Amino acid sequence: MLYLKEANYRDAEKEFLFVREIPAEENSFTNEWKHISRRDFENITIKEMIASAEGRNLPEGFVPETYLFLWDDDEIVGQFRIRHYLCESLRTGSGHIGYFIKKEFRGKGFAKEGLRLALEMARKIIPEDEIYLRVNKDNPASLRVMLHNGGYITYEDEHKYYVRIKK
C-alpha cells in the first residue's frame with residue numbers, strides 16, 4: 001500500500017538511509033543533507049524538518065514546508081515537499097510541491113500516485129487557488145505525472161515548464 005508520512009523520529013533510521021541516497025541536486029530537487037551523519041540527521045535534520053512544517057525557525061525568505069516520505073508498505077520510495085504558501089521567489093520558481101522518486105522505483109506509477117496524495121494534502125494547506133509546480137524540460141516523465149494529475153502548462157522558458165493544478 002502506498003502512503004505519505006511526515007518526517008518523524010520513529011522512522012529516523014529508514015528516513016536517514018533514504019535521504020543519504022538522494023543526490024545533492026537532481027532535476028531541481030535539492031538535498032542539503034546528502035552527506036550528513038546519522039547522528040546529525042537524528043539530532044538536527046529531523047528537528048529542522050518538523051520545525052519547518054510548523055513554521056518555526058525558518059531562515060529569512062523561507063516559507064513553512066512539510067517533508068513527506070512516500071512509503072510502499074514498509075519501504076520508502078520517494079520524498080515530497082509541500083511549501084505552505086508562495087513567496088515571490090516560489091511563485092516564479094519551484095512552486096508549492098517538489099518530489100523525488102528513488103531510481104529503481106521510477107516508471108512504475110509511484111510519482112503519479114505520490115503526487116496525487118501530496119495534492120490531497122496540499123489542497124488542505126495552501127491558500128492559493130492553484131498549486132504551482134515546475135519541471136525541467138529534459139524531464140518529460142515528471143511533466144506527464146503533473147499533467148496526469150490535472151496540471152496544465154502556464155508558461156515555459158528555455159529550460160523549464162511552469163505547471164498549475166487547480167485546487
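Read along the sequence, this chain runs β-α-β-β-α-β-β-α-β-α-β-α-β-β. That makes five helices and nine strands. The radius of gyration is 15 Å, close to the 15 Å that the globule rule gives for 167 residues, so the chain is as compact as a globular protein of that length. The model is predicted.

**Overall dimensions**

- The C-alpha trace spans about 45 × 35 × 30 Å along its principal axes.
- Of the 167 residues, 49% count as buried.
- Take the contacts between residues at least 6 apart in sequence: 56% of them join residues at least 24 apart.

**The four-stranded sheet**

- Strands of a sheet pair through backbone hydrogen bonds, either parallel or antiparallel.
- Here, four strands form an open sheet in the order β1-β4-β5-β6, and the pairing is antiparallel.
- β1 (2–6) and β6 (97–101) are the edge strands, each pairing on one side only.
- On average, neighbouring strands of this sheet are turned by 25 degrees against each other, direction ignored.

**Strand by strand**

- β1 and β4 pair in the antiparallel sense over five bridges. L4 has L70 in β4 as its bridge partner.
- β4 and β5 also run antiparallel, joined by eight bridges. Y67 stands opposite R81 in β5.
- The hairpin of β4 and β5 has two residues between the strands. In this hairpin, D73 takes a positive phi near 55 degrees.
- β5 (residues 75–83) pairs with β6 over five bridges, again in the antiparallel sense. F80 has Y99 in β6 as its bridge partner.
- Seven of the eight residues of β4 are buried, so this strand is largely enclosed by the rest of the structure.

**Helix α1 on the sheet**

- Helix α1 (residues 12–21) packs on the sheet. The strands touched by α1 are β1, β4 (65–72), β5 and β6.
- The direction of α1 makes about 80 degrees with that of β5.

**Helix α4**

- Helix α4 covers residues 110–125, which is 16 residues. At 1.5 Å a residue, α4 should span 22 Å. The end C-alpha atoms of α4 are 22 Å apart, which agrees.
- The buried residues of α4 are F110, A111, G114, L115, L117, A118, L119 and A122.

Technical notes:
Residues numbered from 1 in each chain as written. Predicted model: local features only at pLDDT ≥ 70, side-chain atom pairs only at ≥ 80, totals over all residues. Heavy atoms only, no water. Pairing = 2+ DSSP bridges. Axes fitted to C-alpha atoms, helices over the stretch in contact; angles between N-to-C directions. Contact = heavy atoms within 4.5 Å. Expected span 1.5 Å × (residues − 1). Buried < 20%, exposed > 50% of the residue type's maximum accessible area, 1.4 Å probe, protein only. Rg over C-alpha atoms; globule rule 2.2 N^0.38 Å.
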